[in-house]
Protein chains: 2
Amino acid sequence: MRFSPLLDELIKSLQVLPGVGPKSAQRMAFALLERQRAGGRKLSHVLEQALDNIGHCRQCRTFTEEDICAICASPKRALSGQLCVVESPADVVAIEQTGQYQGRYFVLMGHLSPLDGVGPEDLGLDVLENWLDAESFDELILATNPTVEGEATAYFIADIARRHGVSVSRIAHGVPIGGELELVDGNTLSHSFMGRKAFSE
Amino acid sequence: MRFSPLLDELIKSLQVLPGVGPKSAQRMAFALLERQRAGGRKLSHVLEQALDNIGHCRQCRTFTEEDICAICASPKRALSGQLCVVESPADVVAIEQTGQYQGRYFVLMGHLSPLDGVGPEDLGLDVLENWLDAESFDELILATNPTVEGEATAYFIADIARRHGVSVSRIAHGVPIGGELELVDGNTLSHSFMGRKAFSE
Ligand SMILES: [Zn+2]
Ligand SMILES: [Zn+2]
């Protein structure tokens, strides 16, 4: 025997969360029952609401409970003529926090991964093509991750963009600002050598 | 702007879970929305059920959705005449897994901690006294944690038990079986010296 049936079920259900195993699920269940009953009730309610209502933006595929997300709905954003392709909604947030970019996004919700059965249609590339057909962008910025899959995905999308007559750029990769050379991995370092630019005084 | 209002609310609500900060809450929200919608719905439902129905066993105070937990309800358990006092339901599970103990438990749901305002009544020691009044136990086993608070709590409960004419024991502390002496902390090692026993050949 372990716990009561309902407590066992709660501990099991919590393990749907990424990175939560039996031990931390048990700790979570106890904390909720002992001192977070109001917060736990809120979580149960918000989780249900979120699962019922959050889907993907019809245009850029990011998570939203609206038909069109706030960024896509902003007329100011359309003025830039730029479209930045990222792998996940978290990437959108990271880029937004820099305050540097004023264009729109296309969120792949993943990357090409033939071994896992993730093909172009799973990344909504048909949606992207329709968008490129409907609107003429000046620039498509590839901001997929600098991984094997992210690079392959970037190449694939660059082809699509060029077929639609959109010029394509890729965000720069290299030694992080403030990073120390000796602490950077070899792959990043060779990338930063290959990507070197003329030094302007 | 961060995420859509509902997604923001989900990320905030998940942080009620112990050890979950903004970053892992975000990762959890994405995982649930991307690929665990059924599991997330189940979690929402079970969590609500658990919060509505799980309370404390009227006799031993452990978590249960029944009035009396399965261990307290078992006639076989009553035969032993033993009562083991622990700090949390997780301790009950740990002891049950040894298969060594056949008696009943009293779960404090914490330990005495005057600085945090946790006094005898918060640990249900009135419930324990009533139980000791109603039933004559042969032995009360103190299995609170070997911490300052756990020890103070053990002393306090030992007094209560003796007043009720119940003999009191404390579980042994020392070098863990299979543990290496040099890796054990000094406090544990001095404990294991003070608790030494005549060596029987
Ligand atoms: Zn959008
Ligand atoms: Zn009980």
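This is a predicted model: local features need pLDDT of at least 70, side-chain atom pairs count only at pLDDT 80 or more; totals for chains, interfaces and linings use all residues.
1. Let's start with the zinc ion (ligand 1). Its protein donors are the SG atoms of C57(A), C60(A), C69(A) and C72(A), and they sit 2.3 to 2.4 Å from the metal. Read along the chain, these donors follow the pattern C-x2-C-x8-C-x2-C. Two of the cysteines, C60(A) and C69(A), are buried.

2. What arrangement do the four donor atoms around the zinc ion (ligand 1) make? It's tetrahedral, because the angles they subtend run from 106 to 117°. For a tetrahedral call, all angles have to lie between 85 and 135 degrees.

3. Now hop over to chain B. The zinc ion (ligand 2) is held by the SG atoms of C57(B), C60(B), C69(B) and C72(B), at 2.3 to 2.4 Å. The spacing of its donors along the chain is C-x2-C-x8-C-x2-C. Here the angles between the four donor atoms span 106 to 118°, so this site counts as tetrahedral. As for accessibility, C69(B) is buried with a relative accessible area of 6%, and C72(B) is buried with 10%.

4. Next, have a look at R61(A), in the loop between β1 (55–56) and β2 (63–64) of chain A. Its phi is near 75°, a positive value in a residue that isn't glycine. Why is that worth a glance? Because most residues other than glycine have a negative phi. R61(A) also counts as buried, because its relative accessibility is 14% and the cut-off for buried is under 20%.

5. M109(A) is another one to check. You'll find it in the loop between β4 (104–107) and α7 (125–134) of chain A. M109(A) isn't a glycine, yet its phi is positive, at about 60°. With 16% relative accessibility, M109(A) counts as buried.

6. Finally, E87(A), which lies in the loop between β3 (82–86) and α6 (89–98) of chain A.

7. What does the side chain of E87(A) join up with in a polar contact? The partner is the side chain of H111(A), at 2.9 Å. Leaving out residues up to four places away in sequence, E87(A) touches several others, including V107(A), L108(A), G110(A), T144(A), N145(A) and G150(A). M109(A), the residue with the positive phi, is also among the residues that E87(A) touches.

Notes: Residues are numbered from 1 along each chain as its sequence is written. Chains are lettered from A and ligands numbered from 1 in the order in which they are written. Side-chain values use heavy atoms; hydrogens and water are left out. Helices (H or I, at least four residues) and strands (E, at least two) are DSSP runs, numbered from the N terminus. A polar contact is a pair of N or O atoms within 3.5 Å; within protein, one must be able to donate a hydrogen and the other to accept it, and residues adjacent in sequence count only if both atoms are side-chain atoms. Contact means heavy atoms within 4.5 Å. Donors are N, O and S atoms within 2.8 Å of the metal (3.2 Å for Na, K and Ca); water is not among the atoms, so sites may look incomplete. Four donors count as tetrahedral if all angles lie between 85 and 135 degrees; four count as square planar and six as octahedral if opposite donors are over 155 degrees apart and all others between 65 and 115; anything else is irregular. Buried means under 20% relative accessible area, exposed over 50%, partly exposed in between (1.4 Å probe, protein chains only).
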